Amino acid sequence: MTNASLQVVLTGHSRGLGGALARCLLAQGAAVLGIARRVQPGLAAAHGPRLVEVPLDLADPTAVQAWLATGALSNWLAGASRAVLVNSAGTVQPMRPIGGLGMGGGGTGRTRVDEPARAVALNLTTPLMLTDAFVAATADCADRRVAHVSSGAARNPYAGWSTYCATKAALDMHARAAQLDAVPRLRVASVAPGVIDTDMQADIRRTVPTDFPMQARFVTMKQDGMLADAADVSARLVAYMLSDAFGSDPTPDLRQLPG
Ligand SMILES: NC(=O)c1ccc[n+]([C@@H]2O[C@H](COP(=O)([O-])OP(=O)(O)OC[C@H]3O[C@@H](n4cnc5c(N)ncnc54)[C@H](OP(=O)(O)O)[C@@H]3O)[C@@H](O)[C@H]2O)c1
């Protein structure tokens, strides 16, 4: 399959699901602007100028705003005929009951009182800012799409995950409301990808049941080989994102889609 005319802005491209999405899209010939704090080792060497990596702390809205003000995003998208924004960067931290959300350090052992605010910025504020800038920059684009990476946690509450559930539910509602704006040649959806074997899952298994009561279930899922492979999920997500069906359902679950 080739997607040589496709330009993709992808957050969290350095590892996990976003890392697999970057490899899948580049293998199909797309150009990728990847944004994360780190680069993905070896990716630039393999794909040369079709990959641009932007080191940016997406949990810092001031830094995101400053980067957008440079014009780097609109310049990169200038003249695009097919463009996609994938908001994949995210965090499940802080994983604790309310009343203690600012008391941990995201597994680092440090105290971070700003951790809930940084999680909201990474999971929600930045995707909304990037979506707005992406739509503004693609006014002349024949086919433009925005995919938020959602979660089952957007649709079901879990003890210990109040920040994560709230931010992912808000992403879902953003997609639903954005569809009603009926922006020409724009499709938007917030896609739940299923449970994937990434660093995020390792982070979940490292919690304690008093912070996250379902911890044992995630340990068992890993032991039983129930976690999906990031490369498999990314292949399915790319195929769906680029399909005619994308955008008809604002909040699909990848596991329930045909194929
Ligand atoms: N894994 C699952 O089972 C699962 C299930 C449902 C939904 N999801 C969703 O899928 C998406 C990807 O998750 P994942 O499992 O791939 O997570 P992951 O393995 O922890 O990777 C997270 C990605 O986000 C980037 N990121 C984290 N903090 C950042 C920051 N402050 N600034 C910029 N980039 C940052 C990381 O890059 P750097 O560290 O280089 O910055 C990395 O590329 C998330 O939105 C998650 O909520 C995952």
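Modeller: A crossing of two helices is called right-handed if the near helix is turned clockwise from the far one by less than a right angle, and left-handed if it is turned anticlockwise. In this predicted model, the crossing of α1 and α9 is right-handed.

Biologist: At what angle do α1 and helix α9 pack?

Modeller: Helix α9 comprises residues 230–241, and its axis makes an angle of about 60 degrees with that of α1, the two axes being 8 Å apart. Angles of 65 to 115 degrees would count as roughly perpendicular and those under 35 as roughly parallel; α1 and α9 are therefore oblique to each other.

Biologist: Which residues in α1 and α9 meet?

Modeller: From α1 come Gly16, Leu17, Ala20, Leu21, Cys24 and Leu25, and these meet Ala230, Ala231, Val233, Ser234, Ala235, Leu237 and Val238 in α9. By class, this contact of α1 with α9 holds eleven nonpolar residues and two polar ones, with no charged residue.

Biologist: How is the pair α3 and α5 to be read, and at what angle do these helices pack?

Modeller: Here the angle between helix α3 (residues 61–69) and helix α5 (residues 115–137) is about 15 degrees, with 10 Å between the axes. That value makes α3 roughly parallel to α5. The crossing of α3 with α5 is right-handed. On the α3 side, Pro61, Val64, Gln65 and Leu68 take part, and they meet Ala121, Thr125, Thr126, Met129 and Ala133 in α5. Six of the residues in this contact are nonpolar and three are polar, while none is charged.

Biologist: What is the angle at which α5 and α6 pack?

Modeller: It is about 10 degrees, and the axes of α5 and α6 lie 10 Å apart. The two helices are therefore roughly parallel to each other. The residues in α5 that meet α6 include Pro116, Leu124 and Leu128, and their counterparts in α6 include Thr163, Lys168 and His174. The contact of α5 with α6 comprises eight nonpolar, four polar and one charged residues.

Biologist: Turning to the sheet, in what order do the six strands stand?

Modeller: As a general idea, strands of a sheet pair through backbone hydrogen bonds, in either a parallel or an antiparallel sense. In this case the open sheet runs β3-β2-β1-β4-β5-β6, with parallel pairing. Its edges are β3 (51–55) and β6 (186–191), each of which pairs on one side only. On average, neighbouring strands are turned by 10 degrees against each other, direction ignored. Helix α6 (residues 162–180) packs on this sheet and touches β5 and β6, its direction making about 160 degrees with that of β6.

Biologist: Over how many bridges do β4 and β5 pair?

Modeller: Strand β4 (residues 82–87) and strand β5 (residues 143–149) pair over six bridges. Within this pairing, Val84 has Arg145 in β5 as its bridge partner.

Biologist: Which residues come nearest to the ligand?

Modeller: There are 26 residues around the ligand, and Gly12, Gly16, Arg37, Gly90 and Thr198 come nearest. Gly16 was named above as one of the α1 residues that meet α9. Helices α1 (16–27) and α7 (199–205) each contribute at least two residues to the shell. Eleven residues of the shell are nonpolar, ten are polar and five are charged.

Biologist: Where in the backbone is there a cis peptide bond?

Modeller: The cis bond joins Gln93 and Pro94, with omega at about -5 degrees. Pro94 belongs to the loop between β4 and α5. Another backbone feature is found at Ala182, a residue other than glycine whose phi is positive, near 50 degrees. Ala182 is located in the loop between α6 and β6.

Methods: Residues are numbered from 1 along each chain as its sequence is written. This is a predicted model: local features need pLDDT of at least 70, side-chain atom pairs count only at pLDDT 80 or more; totals for chains, interfaces and linings use all residues. A residue is near a molecule or strand if its C-beta atom, placed from the backbone, lies within 6 Å of it. Helices (H or I, at least four residues) and strands (E, at least two) are DSSP runs, numbered from the N terminus. Ala, Val, Leu, Ile, Met, Phe, Trp, Tyr, Cys and Pro count as nonpolar, Asp, Glu, Lys and Arg as charged, and the others, Gly among them, as polar. Axes are lines fitted to C-alpha atoms, for helices over the stretch in contact, and angles run from 0 to 180 degrees between N-to-C directions. Angles under 35 degrees count as roughly parallel, over 145 as roughly antiparallel, 65 to 115 as roughly perpendicular and the rest as oblique. Two residues are in contact if their C-beta atoms, placed from the backbone, lie within 7 Å. Two strands pair if DSSP finds at least two bridges between them.
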